[in-house]
Amino acid sequence: MDYKTAMKHISKGQFKPVYIAYGAESYLIQELIARLTDKLIEPEHKAFAVSRYDLTETPVDAVIEEAETLPFMVPSKLVVATNALFLTGAKESGKVEHSLERLADYLKSPVDFSIIVFTVEADKLDERKKIVKALKEADALVSCAMLSADELTGWVNQEAGKAGFSFGPGVAEQLILYTGTSLQALVKEVEKCALYVGQGGTLQADDLEQLVTRSIEQNIFLLIEHIVQVKLDQAFTMLSELIRRKEEPIKIVMLIARQFRIMFQVKDLMQQGYSQQQIAGQLGLHPYGVKVAAGQANKFELKQLADILQQLADLDYRMKSGKIDKVLGLEMFLLRLAS
């Protein structure tokens with residue numbers, strides 16, 4: 001099942017005896033554990049009712065023994081076991097021996113007073129393994145994958161609603177552009193926005209400019225967006241700000257080249273018929289980043305993007321060899337790009 005389905009069932013008090021929470025989005029994994037804890041355990045019982053293990057140090061046998069031990073002074077127990085690498089194709093260190101037969105037997109007759117949550121930050125489990133097949137048959141697998149571009153925007157708006165405010169038109173997307181796609185970082189920024197705008201308020205784009213501190217990577221992202229939209233004044237203002245902050249021009253060129261390389265790869269793969277979700281998986285990027293890169297790449301032909309990458313390689317060489325002033329070289333590149 002996916003994360004949303006699992007959370008709906010948990011909210012209704014419908015629990016599985018064993019969960020395998022896997023995927024690249026660690027924030028969702030922690031949210032699943034938090035929801036289980038809130039629904040299953042009374043706040044005053046948490047010290048007695050929640051146990052945590054690291055499977056790189058503890059065998060799975062010990063986790064199951066803990067689950068089968070009657071709870072002390074509490075009606076139910078939650079056992080959390082992290083780093084379940086034995087469910088993936090990853091090579092293990094071999095320091096800990098795991099009895100997977102023991103886990104398979106437990107799945108057949110789990111106790112009714114404990115819930116076990118195994119977690120592993122991996123995009124896929126190794127479905128060739130018998131234990132993974134058994135867990136799948138038990139409907140224990142919960143995919144906590146990265147959100148799609150549309151899901152991410154919806155999630156940000158949902159978090160704002162929980163905090164008691166709303167974003168103005170396009171501001172949620174702007175927040176993602178400024179902050180990046182890390183859910184943990186986005187939650188912190190949403191909390192900051194909630195404090196600023198107050199209950200029932202609406203955050204506008206001008207407010208966001210004052211609140212969010214952008215990383216250099218996000219500034220480069222926006223710099224390219226200004227160029228693509230032919231907003232030269234804003235592009236040069238942003239470049240001047242980066243230089244004023246003592247950002248190294250060679251690093252700026254490297255980051256610009258990285259974004260144009262992504263644009264080239266995205267456009268090339270889209271022309272081959274790949275979907276944005278497939279491209280995200282193939283390039284190891286967040287789907288939201290692919291969506292924005294695809295929009296930027298629409299302004300260029302594939303050959304133009306290849307020519308731009310060559311220009312950046314030449315500029316990098318001339319900067320490093322002292323054949324051109326670094327800032328002047330960057331400004332000339334932006335002027336050529338805009339023309």
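Colleague: What is the relative accessibility of Asn83?

Modeller: Asn83 has 33% relative accessibility, so Asn83 counts as partly exposed. Buried means under 20% relative accessible area, exposed over 50%, and partly exposed in between (1.4 Å probe, protein chains only). This is a predicted model, where local features need pLDDT of at least 70, side-chain atom pairs count only at pLDDT 80 or more, and totals for chains, interfaces and linings use all residues. Residues are numbered from 1 along each chain as its sequence is written, and side-chain values use heavy atoms, with hydrogens and water left out.

Colleague: Where is Asn83 found?

Modeller: Asn83 is in the loop between β3 (77-82) and α5 (100-108). Helices (H or I, at least four residues) and strands (E, at least two) are DSSP runs, numbered from the N terminus.

Colleague: And what is phi of Asn83 near?

Modeller: Near 60°. That is a positive value, and Asn83 is not glycine. Most residues other than glycine have a negative phi.

Colleague: What about phi of Asp139?

Modeller: Asp139 has a positive phi too, near 55°. Asp139 sits in the loop between α6 (130-137) and β5 (141-143).

Colleague: Which side chain meets that of Asp139 in a salt bridge?

Modeller: Lys16, at 3.6 Å from N to O. A salt bridge here is a side-chain nitrogen of Lys or Arg within 4 Å of a carboxyl oxygen of Asp or Glu.

Colleague: Which parts does that pair tie together?

Modeller: Asp139 is in the loop between α6 and β5, and Lys16 is in the loop between α1 (3-11) and β1, so the pair ties together parts that are 123 residues apart in sequence. Asp139 is partly exposed at 31%. Lys16 is partly exposed as well, at 25%.

Colleague: How many salt bridges are found in the whole structure?

Modeller: The search finds 13. One of the pairs is Arg128 with Asp126, where the closest N and O atoms are 2.9 Å apart.

Colleague: Is Asp126 buried or exposed?

Modeller: Asp126 is buried, with a relative accessible area of 10%. Arg128 counts as exposed, at 68%.

Colleague: Which residue forms a salt bridge with Lys326?

Modeller: Glu248, with the closest N and O atoms 3.2 Å apart. Lys326 lies in helix α17 (residues 326-338) and Glu248 in the loop between α12 (232-244) and α13 (249-271), so this pair ties together parts that are 78 residues apart in sequence. Lys326 is partly exposed at 29%. Glu248 is partly exposed at 34%.

Colleague: Which residues are linked in a network of salt bridges?

Modeller: Glu241, Arg244 and Arg245.

Colleague: Switching to the sheet. What is the strand order?

Modeller: β2-β3-β4-β1-β5, an open sheet of five strands with parallel pairing. The edge strands are β2 (50-54) and β5, each pairing on one side only. Neighbouring strands are turned by 20° against each other on average, direction ignored. Two strands pair if DSSP finds at least two bridges between them.

Colleague: How many bridges are there between β3 and β4?

Modeller: Five, in the parallel sense, with β4 spanning residues 114-120. The bridge partner of Val79 in β4 is Ile116.

Colleague: Which helix packs on the sheet?

Modeller: Helix α2 (residues 26-40) does, touching β1 (18-22), β2, β3, β4 and β5. Contact means heavy atoms within 4.5 Å. The direction of α2 makes about 170° with that of β4. Axes are lines fitted to C-alpha atoms, for helices over the stretch in contact, and angles run from 0 to 180 degrees between N-to-C directions.

Colleague: Now α11. Is Asn219 buried or exposed?

Modeller: Asn219 is buried, at 3%. Asn219 is in helix α11 (residues 216-228). Not counting residues up to four places away in sequence, Asn219 touches Arg214, Met238, Leu242 and Arg245.

Colleague: What about Gly329, buried or exposed?

Modeller: Gly329 counts as buried, at 2%. Gly329 is in helix α17. Leaving aside neighbours within four places in sequence, Gly329 contacts Leu315 and Ile324. The C-alpha atoms of Gly329 and Val253 are separated by 9.8 Å, and the two residues are 76 apart along the chain.
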